[in-house]
Amino acid sequence: MKASVVLSLLGYLVVPSGAYILGRCTVAKKLHDGGLDYFEGYSLENWVCLAYFESKFNPMAIYENTREGYTGFGLFQMRGSDWCGDHGRNRCHMSCSALLNPNLEKTIKCAKTIVKGKEGMGAWPTWSRYCQYSDTLARWLDGCKL
């Protein structure tokens with residue numbers, strides 16, 4: 001009985017083999033190296049916070065929001081209808097699959113395009129909700145060597 005309960009619990013803790021989750025400090029380093037620290041005035045802590053709340057640091061994440069009718073891609077869950085793909089506006093001038101790469105090069109390039117817009121990081125409602133007014137942003141870089 002105990003063994004089956006333990007095995008069941010372990011099943012919930014194991015990350016599916018298709019998932020590719022980056023560590024918090026790895027994300028911070030890649031975003032820092034990509035030039036996002038204080039890009040358009042937003043600190044690196046804001047970017048790491050956004051990445052966590054959008055994808056839980058999964059650069060391969062794809063989220064279909066059927067309620068609002070869009071699909072989000074990658075670390076920052078960029079909307080396919082606006083920022084990437086063959087259909088829609090494609091303001092980042094790239095395929096959505098290019099945003100699903102753990103090296104984050106295309107993701108960072110597209111994020112810079114988005115944040116240069118009139119809404120800045122407010123283009124991500126998740127940032128406005130969880131990061132913008134947070135008084136604990138520094139925790140996102142705790143222990144990270146950049």
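Cys 49 has 1% relative accessibility, so Cys 49 counts as buried. Buried here means under 20% relative accessible area, exposed means over 50%, and partly exposed is in between, with a 1.4 Å probe and protein chains only.

Before I go on, a word on the model. It is predicted, so local features need pLDDT of at least 70 and side-chain atom pairs count only at pLDDT 80 or more, while totals for chains, interfaces and linings use all residues. Residues are numbered from 1 along each chain as its sequence is written, and side-chain values use heavy atoms, with hydrogens and water left out.

Back to Cys 49. What does Cys 49 form with Cys 131? The two form a disulfide, with their sulfur atoms 2.0 Å apart. A disulfide, for this talk, is a pair of cysteine sulfur atoms within 2.5 Å. The UniProt record also lists the disulfide from Cys 49 to Cys 131, and in these coordinates it is formed. UniProt positions are given in the numbering used here, feature names are shortened, and annotations may be inferred rather than shown by experiment.

This pair links distant parts of the chain: Cys 49 sits in helix α3, residues 44–55, and Cys 131 in the segment after α6 (125–130), 82 residues apart. Helices are DSSP runs of H or I with at least four residues, strands are runs of E with at least two, and both are numbered from the N terminus. Cys 131 counts as buried because its relative accessibility is 0%. The torsion about the S-S bond of Cys 49 and Cys 131 is -90°, and the link is left-handed.

Are Cys 84 and Cys 96 buried or exposed? Both are buried: Cys 84 has a relative accessible area of 1%, and Cys 96 is at 11%. The torsion about their S-S bond is about 95°, so this disulfide is right-handed.

Now the pair Cys 25 and Cys 144. A disulfide joins them, at 2.0 Å S to S. Cys 25 is in helix α2, residues 24–33, and Cys 144 is in the segment after α6, 119 residues apart. With -80° about the S-S bond, the link of Cys 25 and Cys 144 is left-handed. Cys 25 is partly exposed, because its relative accessible area is 27%. Cys 144, at 15%, is buried.

How many disulfides does the count come to? It comes to 4 disulfides. With bonded cysteines counted along the chain, the pattern is 1-8, 2-7, 3-5, 4-6.
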